[in-house]
Amino acid sequence: MDALIFDLDGTLYSHANGYEEHFRSKIFEYMRTKLGVEEGREETIWKELFQIHNQSLKGLRAGGYVIEDEEYWEFIRGGTDEYLKPDPRVHRAVESMPCRRRVVFTNCNEKQAWKAVRSLQLDKYFREQDVFGASFMGNHCKPEEVVFEKLLQAIDARPEKCAMFEDSLKNLKQAKTMGMTTVFVTGPRAKTSDCVPQEASKYADAVVAECTFEELSRELPTLFHAQAQF
């Protein structure tokens, strides 16, 4: 395996820990206090722009708002040590899958994503230079093909020799189209309440509630075979 490619939010940690809800509320606070958005309108504006542009910062800029990168990311992405805790089950999964390189591929910026990786104590498996985020992607973001191609070139990996772990089916579609092995991480509630989209079977080689050794080894055991052919 050339590379294991992990999304961050909802993949290397569960949304159930409250961190996503926390930084989403910080986005709305930023919109009110820094961009002058009327209270009560922020979520509607955010949803409309996010659905089109797939990343909050990119969407807000497309909506005409002037935003300074570093201030924005620092404002919305605090609280990692409070919300993010190491999960031995995830550690075991990451450690046990043989590969040449592990990377984090996220629409978040690299600085804040690395803080999250360290809070999760996953920095024993990832280096800071293994985090590819918003700065790396420039004016683009997942699921655009151009950023996937840029990543593969940067890490010198062949798509058919990569596995991608994601909680976004939209992003997995692109990965599967390019030939990657794909794992859809639904979150505990989605997996147990039959809320997994029917189309997941088209784009995911495995569907798991959480990115743990127990689930991954059961649903896609070839990930743990040193000589697996993908």
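The structure is a predicted model, in which local features need pLDDT of at least 70 and side-chain atom pairs count only at pLDDT 80 or more, while totals for chains, interfaces and linings use all residues. Residues are numbered from 1 along each chain as its sequence is written, and side-chain values use heavy atoms, with hydrogens and water left out.

A look at the whole chain comes first. The secondary structure comprises 13 helices and 6 strands; here helices (H or I, at least four residues) and strands (E, at least two) are DSSP runs numbered from the N terminus. The C-alpha atoms occupy a box of roughly 55 × 35 × 35 Å along the principal axes. The radius of gyration is 17 Å, which agrees with the value near 17 Å for a compact globule of 230 residues. That radius is taken over C-alpha atoms, and the globule rule is 2.2 Å times the number of residues to the power 0.38.

Of the 230 residues, 52% are buried, where buried means under 20% relative accessible area, exposed over 50%, and partly exposed in between (1.4 Å probe, protein chains only). The chain exposes about 11,100 Å², with carbon and sulfur atoms supplying 45% of this area; such areas come from the Shrake-Rupley method with a 1.4 Å probe, and for residues only the protein chains shown count as cover. Among contacts (heavy atoms within 4.5 Å) between residues at least 6 apart in sequence, 65% join residues at least 24 apart.

Next comes the largest pocket, with a volume of about 680 Å³. On a 1 Å grid over the protein atoms alone, a pocket is an open set of points with protein on both sides within 12 Å along at least five of seven lines, and lining residues have an atom within 4 Å of a point. Grid points are joined across faces, edges and corners, and the volume is the space filled by probe spheres set on the points. The lining has 28 residues, and the closest to the pocket centre are Glu20, Arg24, Phe50, Asn54 and Asp167. Helices H1 (19–33), H2 (42–53), H3 (56–62), H4 (69–76) and H10 (169–177) each supply at least two lining residues, and H1 gives the most, with 4 residues.

Most residues other than glycine have a negative phi, and most peptide bonds are trans. Asn54, however, has a positive phi of about 70°, and it is buried, with a relative accessible area of 17%. Gln121 likewise has a positive phi, near 60°, but it counts as partly exposed at 41% relative accessibility. Gln121 sits in the loop between helix H7 (110–119) and strand E3 (131–132). The peptide bond from Lys142 to Pro143 is cis, with omega near 10°, and Pro143 belongs to the loop between helix H8 (134–137) and helix H9 (145–154).

Finally, H10 has Leu169, Asn171, Leu172, Gln174 and Ala175 as its buried residues. Their cover includes H9, strand E4 (162–166), E5 and helix H12 (200–203). Just after H10, Gly179 takes a positive phi of about 105°. Thr181 lies in strand E5 (residues 181–185) and is buried, at 9% relative accessible area.

Notes: 1 Å grid on protein atoms, 1.4 Å probe; cavity = no way out; pocket = protein on both sides within 12 Å on 5 of 7 lines; lining within 4 Å.
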